[in-house]
Every structure is written in structure tokens, then in C-alpha cells.
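Here is a briefing on one predicted model. Please look over the sequence and the structure before reading on.

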Amino acid sequence: MDVRLLLENTLPGLGYELVDFEMTQGGGFRVFLDKPGGITVEDCVLVSNHLTRLFMVENVDYERLEVSSPGLDRPLKKEADFVRFAGKLAKIKTRMPIEQQKKFAGRLAGVEEGSVKLEVDGRIVVIPFANIDKARLEPEF
């Protein structure tokens, strides 16, 4: 059973977006979800209860289930994330160097032709999605 596919097909029907999913040592699952307006403790309880029943029906073997919001430093995984959070601060780590560096911090300046544009120190750095290793929002206070 592909648990990621199961989550991607289930959560939108409940009104949530799957942000990320990871398996932990010892057979645990960690599910990060979001919705417009943010995630509450009640949302986590509702989704946890639903997934517990779903996993039982689908015979998904697990030790522990954790459901939470993605946090202020939310990971950016899909092209839609970069579009949604345009204008926000982000940190991006690339697989291969761009301009002799692999770590960038700046303001998301849009998406164009399979790349994200990041404003770094007054200039635009174009990073192809295929070259992004990790990307996260940088909280602003």
C-alpha cells in the first residue's frame, strides 16, 4: 500500500492539504497538513482519528501516528507552494551549485518555466525545480 497516495487521496476530501509525510524509525508516521487559515489542535485530532480508522481498514501497519501543522518554517515541496507564498522569505538548498553556491536565502519572487525566482540581495536568482534539494519558508517576526 502506497501510504503517500492514500494520504493524497484522503486529505483533500476532508478539506486539508498534505504538506509532507515521513516514516520514522520504529514504524511511525508523521503527517504534516495545512488548510486555508491554518491548522488547529482540533484539526489534528480529527485527521488523526480518521487516519487511524483508514489505516485499520487498509491494513497499514504502523506503531505511532503523529499529525501536525507544517509550522512557521513550512517546507515548500510543490510548484504551487512557491506560487502561494510569493513575496515571503525562504531558504533554498540546491543539489548542484548555482553561481558557486548551494544555499540561498531571499524573498520568493515567482515561478517561471520550471524554475523558482528568488530575490537575494537585490538580484534575482533563478533556481530550476529539478535542482531544489530542500526549501522552507523563513519565519518573519
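The notes below cover a sheet, its hairpins and one aspartate.

This is a predicted model, in which local features need pLDDT of at least 70, side-chain atom pairs count only at pLDDT 80 or more, and totals for chains, interfaces and linings use all residues. Residues are numbered from 1 along each chain as its sequence is written, and side-chain values use heavy atoms, with hydrogens and water left out.

- Five strands make an open sheet in the order 7-6-5-4-8, with antiparallel pairing.
- Strand 7 (123-128) and strand 8 (132-137) are the edge strands, and each pairs on one side only.
- From one strand to the next, the twist averages 40°. Angles run from 0 to 180 degrees between N-to-C directions, and axes are lines fitted to C-alpha atoms.
- Strands here are DSSP runs (E, at least two residues), numbered from the N terminus. Two strands pair if DSSP finds at least two bridges between them.
- In a regular strand, side chains alternate between the two faces of the sheet.

**Strands 4 and 5**

- Strand 4 (residues 89-98) and strand 5 (residues 101-112) run antiparallel and are joined by six bridges.
- Alanine 90 sits opposite glycine 106 of strand 5. Isoleucine 92 faces phenylalanine 104, also in strand 5.
- The two strands form a hairpin with two residues between them. In the turn, glutamate 99 has a positive phi of about 55°.

**Strands 5 and 6**

- Four bridges link strand 5 to strand 6 (residues 115-120), and these strands run antiparallel.
- Arginine 107 has glutamate 119 in strand 6 as its bridge partner.
- Strand 5 and strand 6 also form a hairpin with two residues between the strands. Glutamate 113 takes a positive phi near 50° there.

**Aspartate 34**

- Aspartate 34 lies in strand 2 (residues 28-34).
- Why does aspartate 34 count as buried? Its relative accessible area is 9%, and buried means under 20% (1.4 Å probe, protein chains only).
- The aspartate 34 side chain makes a polar contact with the side chain of arginine 74 (2.5 Å). Another polar contact, of 3.5 Å, joins the side chains of aspartate 34 and arginine 84.
- A polar contact is a pair of N or O atoms within 3.5 Å; within protein, one must be able to donate a hydrogen and the other to accept it, and residues adjacent in sequence count only if both atoms are side-chain atoms.

Methods: Buried means under 20% relative accessible area, exposed over 50%, partly exposed in between (1.4 Å probe, protein chains only).
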